[in-house]
Amino acid sequence: MAKQSMIQREKKRAETVAKFSAKRALYKEQIVNMSLSFEERMEAMDKLQELPRNASPVRQRNRCRITGRPHGVYRKFGLSRNMLRQLAMQGDVPGLRKASW
């Protein structure tokens with residue numbers, strides 16, 4: 001089980017990303033818009049850099065929904081490899097079964 005502080009930090013990051021997503025999109029659009037003057041584009045770049053670091057979606061980390069483990073997480077299920085295997089063996093994941101050939 002991951003530390004609760006790390007799990008809460010990730011939740012806070014997700015909220016920050018959602019909060020600033022519209023502003024980030026606007027500034028990024030202004031930066032690549034060649035019809036604007038150079039000064040306006042640079043001003044948009046400065047405003048983008050002034051936003052909090054955690055407002056960037058790149059800083060988010062995929063974590064297991066059950067344990068909070070950060071490594072070995074399958075996006076499709078939102079579970080770490082350990083929990084996915086355990087739940088699959090119990091038959092709790094619909095449509096998933098152990099391969100045999």
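Buried means under 20% relative accessible area, exposed means over 50%, and partly exposed lies in between (1.4 Å probe, protein chains only). The exercises below use this definition.

The model is predicted: local features need pLDDT of at least 70, side-chain atom pairs count only at pLDDT 80 or more, and totals for chains, interfaces and linings use all residues. Residues are numbered from 1 along each chain as its sequence is written, and side-chain values use heavy atoms, with hydrogens and water left out.

**Exercise 1. The chain as a whole**

State how many helices and strands the protein chain has, and in what pattern they follow one another.

Solution. Step 1: helices (H or I, at least four residues) and strands (E, at least two) are DSSP runs, numbered from the N terminus. Step 2: the protein chain has 3 helices and 2 strands. Step 3: along the sequence, the pattern is α-α-β-β-α. Step 4: the radius of gyration of the protein chain is 20 Å, well over the 13 Å that the globule rule gives for 101 residues, so the chain is more spread out than a compact globule. Here the radius of gyration is taken over C-alpha atoms, and the globule rule is 2.2 Å times the number of residues to the power 0.38. Step 5: the C-alpha trace spans about 60 × 35 × 15 Å along its principal axes. Step 6: of the 101 residues, 27% count as buried.

**Exercise 2. Helix α1**

Compare the reach of α1 with its expected span, and find the residue where α1 bends.

Solution. Step 1: the expected span of a helix is 1.5 Å times one less than its number of residues. Step 2: α1 has 29 residues, and the expected value is 42 Å. Step 3: from its first C-alpha to its last, α1 reaches 40 Å, which is close to that value. Step 4: α1 bends by about 50 degrees at F20, where the bend is the angle between axes fitted to the seven residues ending there and the seven starting there. Step 5: the buried residues of α1 are I7, E10, R13, T16, V17, F20, R24, Y27 and I31. Step 6: α2 is included in what covers them.

**Exercise 3. The salt bridges**

Find the salt bridges and say whether their residues are buried or partly exposed.

Solution. Step 1: a salt bridge is a side-chain nitrogen of Lys or Arg within 4 Å of a carboxyl oxygen of Asp or Glu. Side chains of opposite charge can pair when their charged atoms come close. Step 2: a search of the whole structure finds 2 salt bridges. Step 3: E10 pairs with R13, with the closest N and O atoms 2.7 Å apart. About one helical turn separates E10 and R13, because they are 3 residues apart in helix α1. Both residues are buried. Step 4: E43 pairs with K47 at 3.5 Å, N to O. About one helical turn also separates E43 and K47, because they are 4 residues apart in helix α2. E43 counts as partly exposed because its relative accessibility is 43%. K47 counts as partly exposed because its relative accessibility is 35%.

**Exercise 4. A buried arginine without a partner**

Which side chain of opposite charge is nearest to R24, and how far away is it?

Solution. Step 1: R24 is found in helix α1, residues 4–32. Step 2: Lys and Arg count as positive and Asp and Glu as negative, while His and the chain ends are not counted. Step 3: the nearest side chain of opposite charge is E50, 12 Å away. Step 4: R24 is buried yet has no salt bridge. Step 5: contact means heavy atoms within 4.5 Å. Not counting residues up to four places away in sequence, R24 touches L48, L51, A55, S56 and P57.
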